[in-house]
Amino acid sequence: MATSPARRRPRLPSPDISAAEILDSIPPAILDEILSRLPIRDAARTSVLSRAWRRRWESVPYLVLRWPRGTPSASIDAVLAHRTCPVSEFRHPYIPEAEFRLSDLWLLRLASVGVQSLYLKFKWFEKADGIFMTPHFHMLHSCIFSCLQLAVLDLVTCDFPGLPSGFAGFPNLTTLSLSEVGFPRGLGGLEAMISSSSSLQRLRLEDLRMPDEDEQWVIHAPNLQRLLISSEFDYGLQIDDLPALEEAEINLRDYVDVQEIVNLISRLDQARILQLSMPVNCFNSIPLLPCFSAICIHSLVAHNLFLSLRAKRKEPE
């Protein structure tokens, strides 16, 4: 019976080959994959490893730039100044007032090279207005409308600029999250941005600010799958048909007009999972809604003067 030939052990690198030569031999595609998975500080430090790695991180496509709170602005400036390829993610969890103007320059640079995911949280500040101290917020730079590669946009505590004429939306945007974001020119701009971003699947709106609380506006997003709305006051919000909606979470803390609540959630009858939180007095009208006829209540929790309900649509038998 013939025996199979013995397997040869892989050859180890010759002792004469330096570590730098081994690093230089890594194929560029694998090298880029390695660099794209490193934190930005570690990616930049790889420049000292070998000739092939020197400044390679600057041209790696879709690098992730996540900045811990307290990162010196000079470090961010230096990295962005050397970027020549699109950025996969830019995340800054705390931008103080002293860096507001710098954040405009960062956004300009990101708009020029391209960015897919953007998370910015600004610190609001108080400013004397006569004898009172009033909150003020940073106005996001209008170059945000040039970031057409955006798939995820997540903004916290800032003001949003008015839409430029002819703006056709963010074609790749799938996730939009806005928390304590103001719209000094009204929510018509937000309505237009949502309706023109045809790929939008997830929408989160929390405590938006607007000049006119009586303004009427509509959410029109035919591909929206998940919706979260949290507010103390009436946005003047109306919801159009959302045929793809799977999950909806509505938190209405200080709403007093029961009919407005009924009108709002009656547009969510196609949601598979529905979570509601609202004043107790509003729940008397909820079971009468047609949209609850095919829903099984999973939980009902009372907390002070509020009730939270989580329901799931019954599967057809």
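The structure is a predicted model, in which local features need pLDDT of at least 70 and side-chain atom pairs count only at pLDDT 80 or more, while totals for chains, interfaces and linings use all residues. Residues are numbered from 1 along each chain as its sequence is written, and side-chain values use heavy atoms, with hydrogens and water left out.

## The chain as a whole

The chain holds seven helices and 15 strands. Helices (H or I, at least four residues) and strands (E, at least two) are DSSP runs, numbered from the N terminus. Of the 317 residues, 40% are buried. Here buried means under 20% relative accessible area, exposed means over 50%, and partly exposed lies in between, with a 1.4 Å probe and protein chains only. Contact means heavy atoms within 4.5 Å. Among contacts between residues at least 6 apart in sequence, 55% join residues at least 24 apart.

Helix H4 covers residues 73-82, and its buried residues are Ser73, Ile76, Val79 and Leu80. Seen down the axis of H4, these buried residues fall within an arc of 130 degrees, so they line one face of the helix. The arc is that of the directions from the helix axis to the C-beta atoms. On the face of H4 turned away from the buried side are the exposed residues Ala74 and Ala81. The cover over the buried residues of H4 includes helix H3 (40-45), strand E1 (63-66), strand E2 (87-95) and helix H5 (100-113).

Helix H6 (residues 188-196) has Leu190, Met193 and Ile194 as its buried residues. They cover an arc of only 95 degrees around the axis, which puts them on the same side of H6. E7, E8 and E9 are among the elements that cover the buried residues of H6.

## Leucine 63

Leucine 63 lies in strand E1 and is buried, with a relative accessible area of 0%. Leucine 63 and serine 88 are 25 residues apart in sequence, yet their C-alpha atoms are 5.3 Å apart in space. Beyond its neighbours within four places in sequence, leucine 63 has contacts that include Leu35, Ile40, Trp57 and Val87.

## Aromatic pairs

A search of the whole structure finds eight aromatic pairs. Rings of Phe, Tyr and Trp (its six-membered ring) pair if their centres lie within 6.5 Å; planes under 30 degrees apart count as stacked, over 60 as edge-to-face and the rest as tilted. Two of the pairs are set out below.

| Pair | Centre to centre | Angle of planes | Kind |
|---|---|---|---|
| Phenylalanine 90 and tryptophan 106 | 6.4 Å | 50 degrees | tilted |
| Tryptophan 124 and phenylalanine 137 | 6.2 Å | 35 degrees | tilted |

Phenylalanine 90 lies in strand E2 and tryptophan 106 in helix H5, so this pair ties together parts that are 16 residues apart in sequence. Both phenylalanine 90 and tryptophan 106 are buried.

In the other pair, tryptophan 124 is in the loop between strand E3 (115-122) and strand E4 (125-129), and phenylalanine 137 is in the loop between strand E5 (132-136) and strand E6 (152-159), 13 residues apart. Tryptophan 124 is partly exposed, at 36% relative accessibility, whereas phenylalanine 137 is buried, with a relative accessible area of 18%.

Phe145, Phe160, Phe167, Phe170 and Phe183 form one aromatic cluster.

Most residues other than glycine have a negative phi. Threonine 157 is not a glycine, but has a positive phi of about 50 degrees. Threonine 157 is in strand E6 and counts as buried at 5% relative accessibility.

Aspartate 207, also not a glycine, has a positive phi of about 50 degrees. Aspartate 207 lies in the loop between E8 and strand E9 (217-219) and counts as partly exposed at 28% relative accessibility.

## The largest pocket

The largest pocket has a volume of about 220 Å³. Of the 15 residues that line this pocket, the closest to its centre are Arg226, Leu227, Leu228, Glu247 and Glu249. On a 1 Å grid over the protein atoms alone, a pocket is an open set of points where a 1.4 Å probe fits, with protein on both sides within 12 Å along at least five of seven lines; lining residues have an atom within 4 Å of a point. Grid points are joined across faces, edges and corners, and a volume is the space filled by probe spheres set on the points.

Strands E7 (175-182), E8 (202-206), E10 (226-231), E12 (247-252) and E13 (273-279) each supply at least two residues of the lining. By class, the lining has six nonpolar, three polar and six charged residues. Ala, Val, Leu, Ile, Met, Phe, Trp, Tyr, Cys and Pro count as nonpolar, Asp, Glu, Lys and Arg as charged, and the others, Gly among them, as polar.
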